[in-house]
Amino acid sequence: MKYPCLILEKFCTTEITLSLEQEGLNKYGEPEASIEYSGKCNYQDKARTVLTAEKKLVEITGTALFPGDICPVLPVISGGSAVINEVKRRVLQGKKARNPDGSVNYTEVLLI
């Protein structure tokens, strides 16, 4: 059964380039190479300040939404960088929203 994607492609109009970091080390003991993604997303700006447990202020500056799984190689998105609207931002976290059958409906990436 196909599930409708919550983020329809017709709403993905903002160009984005992502460089997603992989966890772990390669066979030579070096960090794994980053995975590159270029395409369009649904980007929403927001300015919010959050006080974390370590008393550190983090300003969430935007959310990028993508239909489907933008990086099937990574089980989770935990870091990296993005260039959006000609501004470089850091990836705070990522989320893959799953359908009941386990497939990925959409991918959400929080940028700071």
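Ser 19 stands opposite Ser 81 in E4, where strands are DSSP runs of at least two E residues, numbered from the N terminus. This comes from a predicted model, in which local features need pLDDT of at least 70 and side-chain atom pairs count only at pLDDT 80 or more, while totals for chains, interfaces and linings use all residues. Residues are numbered from 1 along each chain as its sequence is written, and side-chain values use heavy atoms, with hydrogens and water left out.

Let's stay with E4 for a moment. Strand E1 (residues 14-20) and strand E4 (residues 80-84) run antiparallel and are joined by five bridges; two strands count as paired if DSSP finds at least two bridges between them. Leu 18 also has a bridge partner in E4, namely Ala 82. On E4 there is a link to E5 as well: four bridges pair E4 with E5 in the antiparallel sense, and Ser 81 stands opposite Arg 90 in E5.

Four of the five residues of E4 are buried (under 20% relative accessible area, with a 1.4 Å probe and protein chains only), so E4 is largely enclosed by the rest of the structure.

Now follow the chain from E4 towards E5 (87-98), where Asn 85 is found in the loop. Glu 86 lies in the loop between E4 and E5 too. Most residues other than glycine have a negative phi. Here is what the two loop residues do:

| Residue | Phi |
|---|---|
| Asn 85 | near 55° |
| Glu 86 | about 60° |

The hairpin of E4 and E5 has two residues between the strands. Glu 86 is exposed (over 50%), with a relative accessible area of 80%.

Which rings form an aromatic pair? A search of the whole structure finds one such pair, made by Tyr 37 and Phe 66. Their rings are 5.4 Å centre to centre with 90° between the planes, which is edge-to-face; rings pair if their centres lie within 6.5 Å, and planes over 60 degrees apart count as edge-to-face. Tyr 37 lies in strand E2 (residues 35-51) and Phe 66 in strand E3 (residues 57-67), so the pair ties together parts that are 29 residues apart in sequence. Phe 66 is buried at 0% relative accessibility, whereas Tyr 37, at 21%, counts as partly exposed, the class between buried and exposed.

How values were computed. Phe/Tyr/Trp six-rings, centres within 6.5 Å; stacked < 30°, edge-to-face > 60°.
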